[in-house]
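This report goes through selected helix contacts, salt bridges and surface features of one protein model. The sequence and the structure come first.

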Amino acid sequence: MAENIITDDEVIEEALTEQEGQELQKVEQVLPQNLTILPLSQKPIFPGLAMPLTFSGKAQVEALKKAVEEQEGYVGLVLARELDQDDYTESELYEVGTLFQVLRINPMANGAVQVLGRGVNRFRKKKVVLVKPSLRWEVEHHKEPEDKPGQDLRAYMMAISGEIKELLKLNPLFQEQVNMVVSQLNYDAPGMTMDVISNLLSSDAEALQELLETYDLHERAQTLLKMIKEELEIAQIQKRINQQIEEKVNKQQKEFFLREQLKAIKKELGIEKEEGESEVEKLEKRFAEKELPEEVQKTVDEELDKLRTLNVQSPEFNVTRSYLENIASLPWGYYSEDNSDIKKARTVLDDEHYGLEEVKDRILEFLSTVIKRGTVSGSIVCLVGPPGVGKTSVGKSVAHALDREFYRFSVGGMRDEAEIKGHRRTYIGAMPGKLIQALKRVGTSNPVVMLDEIDKIGTSFRGDPASALLEVLDPEQNSSFLDHYLDLPYDLSNVLFITTANQLDTIPGPLLDRMEVIRLAGYVTSEKVQIAKRYLLPKQLKEHGFEEDEIDITEEALALIAEKYAREAGVRNLEKQIRKIIRKATLKLAEEEEVKFTIEKDDVEEFLGKPVFKPERLYNESVPGVALGLAYTSLGGATLYVEANGIRGKNGSFKQTGQLGDVMKESAQIAHSYIRSRLSQMDNKAAQEYFDNHQVHLHVPAGATPKDGPSAGITMALALFSLATGKPIREDIAMTGELTLTGKVLPIGGVKEKAIAARRVGVTNLILPEDNRRDFEELQDHIKEGISVYYADYFDDVLAAAYPDGGF
């Protein structure tokens, strides 16, 4: 290890005393030309000032002792560019150093030594004489000029002296020792004077080395003065910062003492009590206004007793206070009064929602039961439907119809069960779950709470939120719901829970079993037009700052937008298109300064561009091997073509494409087997042998869209039958139904969505399973209007509907 400059006050004072009473003068001795070289790691030292140093490392200590014995204590001290800790002789050193005369060596612990000596003069390296066992250089010593300084140099020296005294006023470190040095400064020996001052600076090592290598006195004076000014500026900044901190601390201390004195005075006068006592009294007052259950009251009393014993500065005080404040914020025993007028509830639903008659009837049946019983126990509603059909707004309307508070939060993507049941109080930053927070927010124990996107709930290592919801949504358990944070039972049986989902497949079975499902299938074009005219257009006009009569969109234009630009089950995209039209109309009005603006059907393309959706029907005429099916997706109903084609070959084969799922592949195999069996019973020999002589390929466009489900069974079978017999299917018919190996047609789901999809593409004839007759007959008249339905119990019924002229 290299040297460390000692800063102990007694050692420095001893070193200064060694040279006290002596004038700073040049050394007139004969100086050695070959020097033992020792590296410095922190900063270079300058001639003229006695100082203590420490050296460690066996090789350095031995080299130092040998120099004292053989060279009258003279060694060369040189700053290292890069110090080699293992072998100091391999260190990269600067070329200019200081001749140092050792006056005393004091052994220290661990083999290190403390050296007391003084710098004599500068030297420059001429060449390396020896490297091992110690580093020795041949050097050239530098002598300072003996002439008296000129006026310029004397002026520099006076400026340096003034600046260093200012610096000492700001930095009192070693002030007594430095004053002793400054008092001995000799302006007639400027070189030595500048070296003494340079030893006092705390600049970086490279700058000090540059100063050491500056031989010209004028340049050295300029550089030194600049460095002193920089240190003076830094010292002033430090002083200003220290003053600011001290003022701030003093102000805080003053305020603290004044507050404590004021508190003591108020306490003596009986005006105010201790902070802790005041907090306890406030909480007691809040709890006195509530009707707490016996178990809750017992816990509150215990926590209040504990709070009285705690110091207000204790972390436990804040934890306990927060816990009690959360309990006090809950609406224990407070219930808002329900609306008991079912007619008013119907009026609210009719005013806020167009269509959805079946959904409204189901909700009104549900609400009438709630009003009759006075409790919602045992009833959890799940609204299922595509995006944008109004599930969330229906939930708000239910709360409005009952005159209850409404609170909504999404559980989509939720992966931590603590979001539902809260964090335990052992954790820092613990808080109650969403349900308890909802009750705090609404201020009643019987709100309508909507759990949005329940089909998208997740799971992770933090727990399973779906399992936590089992307790919440179970009428037998939620009367004593236990939040982890509160650790007290809370009655949720009077809370009306409404959940929403796009599909039921991803909802866990036990959770779905606790809910009553109400489906919102979507809207036909006529319904979308009325919704847009009554709700969406006025809403967007208001948001954009228009009066209702300033911009008008005709019903024909709205119908075109719904069919060509916003073809979906809901109306969310329709609202986006209306918003886009109004923004462009705003620009036109601003430029043309018109007061009224009407958008006709022919104007839609100008505002929205080319239609986004093309007709779903791929074929304008019947083609053998092509059948039109109906499908149900999370976005509502859709049409689905099934195409079959054959390639003549020696051996028959069958393959399917179109990203079909496992269930759909099985339906295709069943259809293939059944049609081969059915053809064997016909007199048409060519049709009987078709599958033996052809490689049959079944495809369901579009190929990039994954598809699955059993309801395409009769569609696939009819496409294969049409291919084998060469007879095209009538072009105005679509179908859906599951097929068995014996030709039995089984019921399917999503009848309303599929009927809406058929109307959208202009299909007026449907083939449905016989068991779905009731489902279709219960649909609204405007959906059934103009549609002829053929109900099939067996596949022969399907053939009869597809080929009304017979011949099969």
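In which hand does α19 pass α20? The crossing of α19 past α20 is right-handed; a crossing is called left-handed if the near helix is turned anticlockwise from the far one by less than a right angle, and right-handed if clockwise.

## Basis of the values

The model is predicted, so local features need pLDDT of at least 70 and side-chain atom pairs count only at pLDDT 80 or more, while totals for chains, interfaces and linings use all residues. Residues are numbered from 1 along each chain as its sequence is written, and side-chain values use heavy atoms, with hydrogens and water left out.

## Helix α19 against helix α20

Helix α19 covers residues 555-564 and helix α20 residues 572-592. Helices (H or I, at least four residues) and strands (E, at least two) are DSSP runs, numbered from the N terminus. The axes of α19 and α20 come within 10 Å and cross at roughly 125 degrees. This angle makes α19 oblique to α20.

Axes are lines fitted to C-alpha atoms, for helices over the stretch in contact, and angles run from 0 to 180 degrees between N-to-C directions. Angles under 35 degrees count as roughly parallel, over 145 as roughly antiparallel, 65 to 115 as roughly perpendicular and the rest as oblique.

## Salt bridges

The whole structure contains 27 salt bridges, each being a side-chain nitrogen of Lys or Arg within 4 Å of a carboxyl oxygen of Asp or Glu. One of them joins K539 and E575, with 3.2 Å between the closest N and O atoms. K539 lies in helix α18 (residues 525-543) and E575 in helix α20, so this pair ties together parts that are 36 residues apart in sequence. E575 is buried at 13% relative accessible area, whereas K539 is partly exposed at 41%. Here buried means under 20% relative accessible area, exposed over 50% and partly exposed in between (1.4 Å probe, protein chains only).

A salt bridge also forms between K360 and D350, whose closest N and O atoms are 3.1 Å apart. Because K360 is in helix α12 and D350 in helix α11, the pair ties together parts that are 10 residues apart in sequence. K360 is buried, at 6% relative accessibility, and D350 is partly exposed, at 35%. The side chains of R81 and E92 meet at 4.0 Å, N to O. R81 belongs to strand β4 (residues 74-82) and E92 to strand β5 (residues 92-93), 11 residues apart. Both ends are partly exposed: R81 has 46% relative accessibility and E92 has 43%.

Is helix α5 enclosed or open? Nine of the nine residues of α5 (residues 190-198) are buried, so the helix is largely enclosed by the rest of the structure.

## Surface patch and loop

I237, I241, I245 and V249 make a nonpolar surface patch of about 310 Å². Patches are made of residues with over 30% relative accessible area and no salt bridge, like charges being joined within 9 Å and nonpolar side chains (Val, Leu, Ile, Met, Phe, Trp, Tyr) within 5 Å. I241 is found in helix α7 (residues 217-269) and is partly exposed, at 41% relative accessible area.

Y354 sits in the loop between α11 (342-352) and α12 (357-373). Its relative accessibility of 25% counts as partly exposed. Y354 and Y523 are 169 residues apart in sequence, and their C-alpha atoms are 9.8 Å apart in space.

Definitions and conventions
Accessible areas come from the Shrake-Rupley method with a 1.4 Å probe; for residues, only the protein chains shown count as cover.
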